[in-house]
Amino acid sequence: MALLDFQRNYYQLFDLPQEFLLDQAQLGARYRQLQMELHPDRYASASAHEQRLAVQYSALVNAAYTALRKPLDRAVYLLELAGMGSEEISSQQVDGGFLIAQMELREKLESMTGMVDPQSALDRLITEIGEDVIELQGVFSVAYSAGEFPKAAAACVKMQYLDKLLLEAEILETSLLDG
Amino acid sequence: MALLQIAEPGQSPLPHQVKRAVGIDLGTTNSLVATVRGGRAVVLPDAQGAVMLPSVINYGAADSPIVGASALALAARHPADTLMSVKRFMGRGRNDAEEDARRSHYSLAEGEEGMVSFLTSGGKISPVEASAEILRVLSQRAVDTIGGEIDGAVITVPAYFDEAQRQATKDAATLAGLPVLRLMNEPTAAAVAYGLDADGQGVIAVYDLGGGTFDISILRLHKGVFEVLATGGDTALGGDDLDAVLADWLLQESGSGTLEAGEYRQLQASARSAKEKLSEAVIVDVDLSEVLPGGGIISVSRDKLEQMIQPLVKRTLLACRRCLRDAQLEEGVDNIVMVGGSTRVPLVRSAVADFFGRTPLLGIDPDQVVAVGAAVQADILVGNRPEGDLLLLDVIPLSLGIETMGELVEKIVPRNTTIPVSRAQEFTTYKDGQTALAVHIVQGEREMVSDCRSLAHFELRGIPPMVAGAARIQVTFQVDADGLLGVSAREEITGAEASVMVKPSFGLTDEEITGMLQASFSHAEDDKRVRQLAEQRLSAWQLLDGLKSALEKDGDALLVAHEREALADQMTELQSLIDGEDAHAIRQKTEQLGRESETFASRRMDKSIREALAGVSLDSLDDEVMQ
C-alpha cells in the first residue's frame, strides 16, 4: 500500500468497509490518528523533502475525510468508485412525482417571507426535508450494496436536490434572524 | 554497516537537549512573547517588568527606530513619524488602505503601485519593516531572558488574515531574522492555551476582539487533537473602533472643531483609558483640558458607552452566528474563550454569554492568552515534546479560486477547508490555436473577480496549437500548514508546466527582502556568505540526522540491501561536504539526497499509516472491553 493506492480508494486509507453506512465515530478516530502521524507539524524539524511529503500525505488524509464525512459527498464518491462520473450521475432519470413534490416544497419556502410566524413554518419544513433525506439514504445504501448503481445514482440525484433546498432554507433562516 | 557519526557539539543539537522556542503575539495594539519553561508557558517581561510591548514604532531623526512605550510617548508630538496599528496595513494595497491611513493621520508615499508605505522622517517605511522592528525587540527580549539564540518561533495572525497578510507577516519575521516554525491563527492559539487545563474534550468557541480585527473560531477538541470546524470574523472591526466611537462622541460633546493629527491621537488615548475604566466604574470623568483646545471635563456613563458600542457588538454576534452555521454542529458549545483587552468590557462579556448560553472562561489574561498558546505550539513544533500530546488541524479562512471567462471566479478550495490541502481542477483553452493560458488567482467569497482579492498572476506557456477545448490543463492549488498557497498548472497532453509560490500582488518580492536584509547587515556580502553556509549546513544536518534515525529504526525492514547502501554512500558524501566551505555543493547534495531518500520516507509514512490504524483498532477493542 502506498500514497498512490490510497489515492485510489479512501476507504482503504481508513481501513473501513466500502459501504454507505459507516461508523462516524470510527471514521473520526481514524482520521485524527492518521493526522497525528502524518501532519506536517509532526515533521516541523525534519528535512525539507520529508516536510513536503508530509504535506502531501496530510492533504490526502484531509481529502479522504472530506469525501467520506458527509452522506451526500460519500454517496457521490461511492458512485465514482463504481465507475460513474458526476455527469453520468446527474443524467439519471428522476421520477415525476419527486419533481412535483420538490416544486411544492420550493413554493412553500418562497411563500414564507410573507407569513406571520415564518420561523416555525421554516422549522417544520426543514424537519420534513430532513426526513426525506434519511429515507433516500436508506434507498441509496440498499441499492449500492446490491450493485444496482443506476438506482443508487437516482437516489443520489434526489439527495442533491434536497441538499440544495436545505441550503436555501438555511439562507432564508439567516435572513429572518438578521432582519 | 558502520553507523555514521554525525552529532557534533554546537552544530547538531543532541536529541534530548531542550530547544529554545518562543510564541509571539504580534498584535495591533500590543505585542508579547512567551516561552515554555519547566512545562509551563510564561510570558516574558522586559527589563522594567512590562510584559506588553506597545506595537508602536517611532522613526525620528535617530539612527535606529524607537519601539514600544517610549515610542508611544512620542505619538502625540510626532504623529506622522510614529506608526501605530501597522498591523491594519499589513499586506494591503495602497487604494485599500487610504481610508484607514486618513483616519490614523499617516502620510502614505505618493504615486506608488502596490504595497503601502508611510512617509516618516526616517524615510519610506512599509508595514512589514515596521513589524520587523517589533519582532526584533521581542526576539532580543527572549534571547536575553532565555539565554541564547532562538531555535524557532510561532507567530500568530488573525484567523481571518488573507494570503497577502500572512505572507507579509512571514516577510516581517524573515526581515527580523527570526526562524519561523509556523504561522498560527490567534483564536486557535487561545484555545490551545486553555486546552492544557481543560479536561480535553468538547466544542470551544473563541471570541477574539483584538485591537484592529475581530475573529471567531469554533473548534472541537478530542483526545489531544484540536480540529478547527469553522472560522470567521471581520478584518475591519476591533477594539480601536470602540475607542473611535467614544472619541468621536467626546469630540462632539466638547464642541471643538477639526483636530490636528497629534490631538486626535491624544483624544483616542483618552477615550481608550475611559473605556477601560468603565469596565469597573459606572461613570468616569474624562479631562480633555490638555487634549483639545477649549476642552473641559466630560462625564461618560457606562450606559452611554454601551449604547454607543452596541451596534459594533451586534456586528460581532452576527459573525458568530454565521460561523456557528458553518461549523455544522450537532451539539452545543461547551466552552467560550475570550481574547483581547476589549473583551473586558462588561457589555461584550454579557452579550457573548447570552448568545452562546454559557459563561466565558476567564482563567487566563485575555491579553496574554494568544502568546501563551503560541509558546505551547512552538515548544511542540521545535521537538521538545517528542511524545507529541497535541495536534492542531486548522482551516483556510477564505475561499481560493481562479478567474474564468466573463470575470467570474471559479472556487477551487472553499473556505473552512482543513489544511494542508491539495486540490486540482481541469480547464481548457477557449480559442483555436491558443498556446498560452493566463492564470489569475483570487481569494474571497464573491462571484465576480473585481469583488475578490487578487493574489497573483502567472502564465502557462508552450501549449501546442489545438482546437479550442482540446487542451487539458490541470490547475493544482496546494495550501500548506501555514495557510500559504502554491499553485501549479500542467497541460496533460504535452506536459507543459508552470507554477508559482504565491507572492501576493501587494507583498514584497524576494529581491526586496534580500535587499532589506543586506541593508540591515553592516558587512552585507561577507555576512550573507557566512549566513548561507550556516543555513546550508543546518539543512544538511537536519537531513542526515533524520535519515540516520530513520535508518536505525526502519532501514532493515523497508529497504533492500542495495537501496540502503546507495543511501549510505550519499550520506557519506554529504557528510564530507559539510566539513568544507562550499555552500552551493552542500545545497546540491542535500537536494539530491533528499530526492533520493523520498521513496524511503514515503515507505515509512505508509508504515505509520498501517501502525496508526492498528493502534486505533486496538483502542476501540479496549473501549468495547471496558464497556
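Tutor: Two strands pair if DSSP finds at least two bridges between them. Strands (E, at least two residues) and helices (H or I, at least four) are DSSP runs numbered from the N terminus. The model is predicted: local features need pLDDT of at least 70, side-chain atom pairs count only at pLDDT 80 or more, and totals for chains, interfaces and linings use all residues. Residues are numbered from 1 along each chain as its sequence is written, with chains lettered from A and ligands numbered from 1 in the order in which they are written.

Student: Do the strands β1(B) and β10 of chain B run parallel or antiparallel?

Tutor: Strand β1(B) is joined to β10, residues 152–157 of chain B, by 5 bridges. Within this pair, B:Ile24 stands opposite B:Ile155 of β10(B). The direction of the two strands is parallel.

Student: Which residue of β2(B) is the bridge partner of B:Gly23?

Tutor: Strand β2 (residues 30–37) of chain B runs antiparallel to β1(B), and 5 bridges join the two. They form a hairpin with 3 residues between them. In β2(B), the bridge partner of B:Gly23 is B:Ala34.

Student: Which are the edge strands of the open sheet of 5 strands in chain B?

Tutor: The order in this open sheet is β17-β12-β13-β14-β18 (chain B), and the pairing is mixed. An edge strand here pairs on one side only. That applies to residues 335–339 and 391–393 of chain B, which are respectively β17 and β18.

Student: Which residue of β13(B) is the bridge partner of B:Leu209?

Tutor: Strands β12 (residues 201–209) and β13 (residues 214–222) of chain B run antiparallel and are joined by 9 bridges. They form a hairpin with 4 residues between them. One of the pairs joins B:Tyr207 to B:Ile216, while the partner of B:Leu209 is B:Phe214.

Student: Which residue takes a positive phi in the hairpin of β13(B) and β14(B)?

Tutor: Strand β14, residues 225–234 of chain B, runs antiparallel to β13(B), with 9 bridges joining them. Across this pair, B:Ser217 stands opposite B:Thr231 in β14(B). The hairpin has 2 residues between its strands, and the residue with a phi near 45 degrees is B:Lys223.

Student: How many of the 9 residues of β13(B) are buried?

Tutor: In the sheet order, β13 of chain B stands between β12 and β14. Strand β13(B) is largely enclosed by the rest of the structure, because its buried residues number 8 of the 9.

Student: Which element supplies the largest share of the side of chain B that touches chain A?

Tutor: Two residues are in contact if their C-beta atoms, placed from the backbone, lie within 7 Å. In these terms, 39 residues of chain B are in contact with 35 residues of chain A. Elements of chain B that each supply at least two residues to this side include α8 (302–327), β18, β21 (421–427) and α12 (524–558). The largest share, 12 residues, comes from α15(B).

How values were computed:
Buried ≥ 20, exposed ≤ 12 C-beta atoms within 10 Å, placed from the backbone.
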